[in-house]
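Please look through the model shown below and follow its strands, its loops and a few individual residues in turn.

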Amino acid sequence: MGAYELGCVNDTTFTTDTIYVGEKILGQTFTKVGVHDSIFETLKSSLDCDSVVMHRVVVKPDPNTFNYYVKMDKEGRGDGSDWDNAMDSTDFATYLPLAPDGATFYVAAGTYKPVYDVNMNIPSNSSNLCYAINSSVTIRGGYPADAKGKDVPSEPDKYRTIFSGDLGDNFNTGIQTLFLTAKEKLFSIYGLNFVKTKDVSSSSAAIISNGNFIVNQCVFDSCFCAILLKNSSSAFIDSCLFTKSWAPSINVSEEASLTVSNSKFEDNVLFSPSRTPVYCGAAIYSQGIINVDKCEARNGTSINVSNL
């Protein structure tokens with residue numbers, strides 16, 4: 001008796017399996033990191049009725065590999081083992097949310113944009129594209145686009161590693177969040193530039209942090225909000241520039257904490273209903289606890305806090 005005949009119930013279940021690259025499941029060896037959908041398994045009961053299990057196989061990178069080199073386009077083997085074999089921007093978007101704790105990504109000059117949403121799907125609405133940070137990782141930028149070998153110094157003032165939310169010329173067209181971090185994880189960034197994230201809601205920001213966050217020598221330019229600290233997250237920010245934010249550059253929730261030093265806030269903008277810029281945006285808006293040391297705010301920029 002088949003699955004669609006009287007006496008049988010056609011049953012489809014969905015499951016997610018997580019393995020490491022090179023491991024085998026369902027008789028297949030998976031050699032490519034990423035999410036593999038629509039892997040079907042057909043089971044038969046004692047009544048000879050079919051049931052179908054649809055597997056979503058998440059393949060993580062080698063847990064013993066901690067350094068990855070990234071360029072806009074892949075070079076050599078494209079496995080990210082050094083600059084001569086750098087992975088491309090799409091593989092970077094695939095590896096980043098699946099990388100082990102302690103991984104570091106060295107990212108060369110260029111303009112990078114997310115490829116997937118937080119669940120590693122391709123969304124129907126491009127504004128939902130986002131890099132998900134699910135582990136304690138570091139991203140370092142400021143390397144030349146033609147870097148070779150491994151021992152190349154970072155020079156972010158000379159080589160710009162840009163993460164962009166720009167999807168077009170329209171004011172309302174853009175990515176609302178470039179990076180979303182998980183709770184209880186440490187996300188560290190050095191020498192990066194963030195530009196043009198979308199004005200969607202008060203929960204939009206170039207980076208939304210739910211964990212611990214270290215930022216050094218980064219530039220946030222023309223983002224709706226640069227950094228949103230949620231829940232009990234904490235951030236340590238040093239030697240950064242925040243310019244032309246459309247809302248507070250840094251928004252600190254009630255349970256979060258912020259330490260910021262040697263940083264500049266300038267030309268922050270609040271928009272009137274007619275979208276006319278008014279230079280009176282806040283550098284920092286905080287309901288949590290913050291420490292500010294040797295920072296400069298100018299051109300109408302202010303600090304609005306409950307606890308300082």
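**Sheets, loops and selected residues**

Seven strands form an open sheet in the order β8-β11-β14-β17-β20-β23-β27, with parallel pairing; here helices (H or I, at least four residues) and strands (E, at least two) are DSSP runs numbered from the N terminus, and two strands pair if DSSP finds at least two bridges between them. The edge strands of this sheet are β8 and β27 (296–298), each of which pairs on one side only. On average, neighbouring strands of the sheet are turned by 15° against each other, direction ignored, where axes are lines fitted to C-alpha atoms, for helices over the stretch in contact, and angles run from 0 to 180 degrees between N-to-C directions.

This is a predicted model, in which local features need pLDDT of at least 70 and side-chain atom pairs count only at pLDDT 80 or more, while totals for chains, interfaces and linings use all residues. Residues are numbered from 1 along each chain as its sequence is written, and side-chain values use heavy atoms, with hydrogens and water left out. The chain has a mean pLDDT of 85, and 83% of its residues reach 70 or more, pLDDT being the predictor's confidence in each residue, from 0 to 100. Over residues 1–7 the pLDDT is below 50, and this stretch has 14 contacts in the model beyond near neighbours in sequence, a contact meaning heavy atoms within 4.5 Å. Where pLDDT is low, the predicted coordinates should not be read in detail.

Strand β16 (residues 212–216) pairs with β19 in the parallel sense over 5 bridges, with N216 standing opposite D238 in β19. Strand β19 (residues 234–238) in turn pairs with strand β22 (residues 257–261), again in the parallel sense and over 5 bridges; along this pairing S234 has S257 as its bridge partner in β22, and F236 has T259. From β22, 5 bridges lead on to strand β26 (residues 282–293), the two running parallel, and S261 stands opposite D293 in β26.

Leaving aside neighbours within four places in sequence, Y131 is in contact with residues including F92, L96, Y112, P114, F163 and L180. Its contacts also take in K113, whose backbone oxygen is reached by the side chain of Y131 at 3.0 Å. From C-alpha to C-alpha, Y131 and V118 are 6.5 Å apart in space, although 13 residues separate them in sequence.

A second residue with 1% relative accessible area, and therefore buried, is S245, which is placed in the loop between β20 (241–243) and β21 (250–252). The side chains of S245 and S249 are joined by a polar contact of 2.9 Å; such a contact is a pair of N or O atoms within 3.5 Å, of which, within protein, one must be able to donate a hydrogen and the other to accept it, and residues adjacent in sequence count only if both atoms are side-chain atoms.

Most residues other than glycine have a negative phi. L26, however, has a positive phi of about 55° although it is not a glycine; L26 lies in the loop between β2 (24–25) and β3 (28–29) and is partly exposed, with a relative accessible area of 34%. M120, also not a glycine, has a positive phi of about 65° and lies in the loop between β8 (110–112) and β9, but M120 counts as buried at 12% relative accessibility.

Cysteines come last. With a disulfide taken as a pair of cysteine sulfur atoms within 2.5 Å, the count comes to 0 disulfides. C225 is in no disulfide, the nearest cysteine sulfur being that of C223, 8.6 Å away, and C225 is buried, with a relative accessible area of 4%. C130 likewise counts as buried, at 7% relative accessibility.

Key:
Buried means under 20% relative accessible area, exposed over 50%, partly exposed in between (1.4 Å probe, protein chains only).
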